Amino acid sequence: PMAGFALAVMFMLMLLPRYAPGAIRKLAIVLGSLAIPFIVCLPIFILRAEANHESAYEERANLTKVAWNMYHSSPVVGVGFGTYDAVKRDYLPPGWTGWLYTVHTRYLLILAETGAVGFSALILVYLSVLRAAHKGIKQIAPEFRPLQISLVCGLIAMYWEQVWDIFNSRQQGYLYWIIASLSVILPRALSPDRVNAEAKTV
């Protein structure tokens, strides 16, 4: 999550000077206000950073072997959407030992369950949403561009998070599609023409 947040902030710093330079100061104020809770929680972050993550990494790396076995058994259409947990024991590598669970990456999970067809469809949807959201920065009224940029950066952060997370809970799905929908709808609902027309009628 922290890496996703840092990635989102980095893209904000890239997009704001180009499309909404006046909002950089406001972003600095927001980041400055976040410094206080960050300092309070710093001991927790340090303890987590100093912890031994090798065993956790090895366990997750082993889980990817199961997913790759599934993919190689049916590379085009996969083993069936939503069937990973039901069939995972059939794809254990020889001499398997250790923890067995769903692979901890959304992309590899989709690749194993739906093959190249489903994975390509997922990436196409994600890229289409991101492209539409990015185009919306120019289409939305200037005063709302910081909002649109924040939605774009939120999408990028979630795409990154799915590299490390299963991302299959209802809450995560609802959050993604709310942000994706807003990023596509708002540039049309808050276009300069509509905003100016509304301002004249008030």
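Q: A crossing is left-handed if the near helix is turned anticlockwise from the far one by less than a right angle, and right-handed if clockwise. Which is the crossing of α6 and α7, left-handed or right-handed?
A: Left-handed, for α6 and α7 (helices are DSSP runs of H or I, at least four residues, numbered from the N terminus). This is a predicted model, with local features needing pLDDT of at least 70 and side-chain atom pairs pLDDT 80 or more, while totals for chains, interfaces and linings use all residues. Numbering starts from 1 along each chain as its sequence is written, and side-chain values use heavy atoms, without hydrogens or water.

Q: Which residues make the contact?
A: From α6, Leu147, Gln148, Leu151, Leu155, Met158 and Tyr159. From α7, the list includes Leu175, Tyr176, Ile179, Ala180 and Leu182. Contact is heavy atoms within 4.5 Å.

Q: What does Tyr176 touch?
A: Tyr126, Val129, Leu155, Met158, Tyr159 and Phe167, leaving out residues up to four places away in sequence.

Q: Switching to rings. How many aromatic pairs are there?
A: Eight in the whole structure (ring centres within 6.5 Å; planes under 30 degrees apart are stacked, over 60 edge-to-face, the rest tilted).

Q: Why is the pair of Tyr126 and Tyr159 stacked?
A: Because their planes are at 25°, with the centres 4.5 Å apart. Tyr126 is in helix α5 and Tyr159 in helix α6, so the pair ties together parts 33 residues apart in sequence.

Q: Are those two buried or exposed?
A: Tyr126 and Tyr159 are both buried (under 20% relative accessible area, 1.4 Å probe, protein chains only).

Q: And how is Tyr126 placed against Tyr176?
A: The centres are 5.3 Å apart and the planes at 55°, so that pair is tilted. Tyr126 in helix α5 and Tyr176 in helix α7 are 50 residues apart.

Q: Which residues form the ring cluster?
A: Tyr107, Tyr126, Tyr159, Tyr176 and Trp177, linked by ring pairs.

How values were computed. Helix = DSSP H or I, 4+ residues; strand = E, 2+ residues; numbered from the N terminus. Phe/Tyr/Trp six-rings, centres within 6.5 Å; stacked < 30°, edge-to-face > 60°. Buried < 20%, exposed > 50% of the residue type's maximum accessible area, 1.4 Å probe, protein only.
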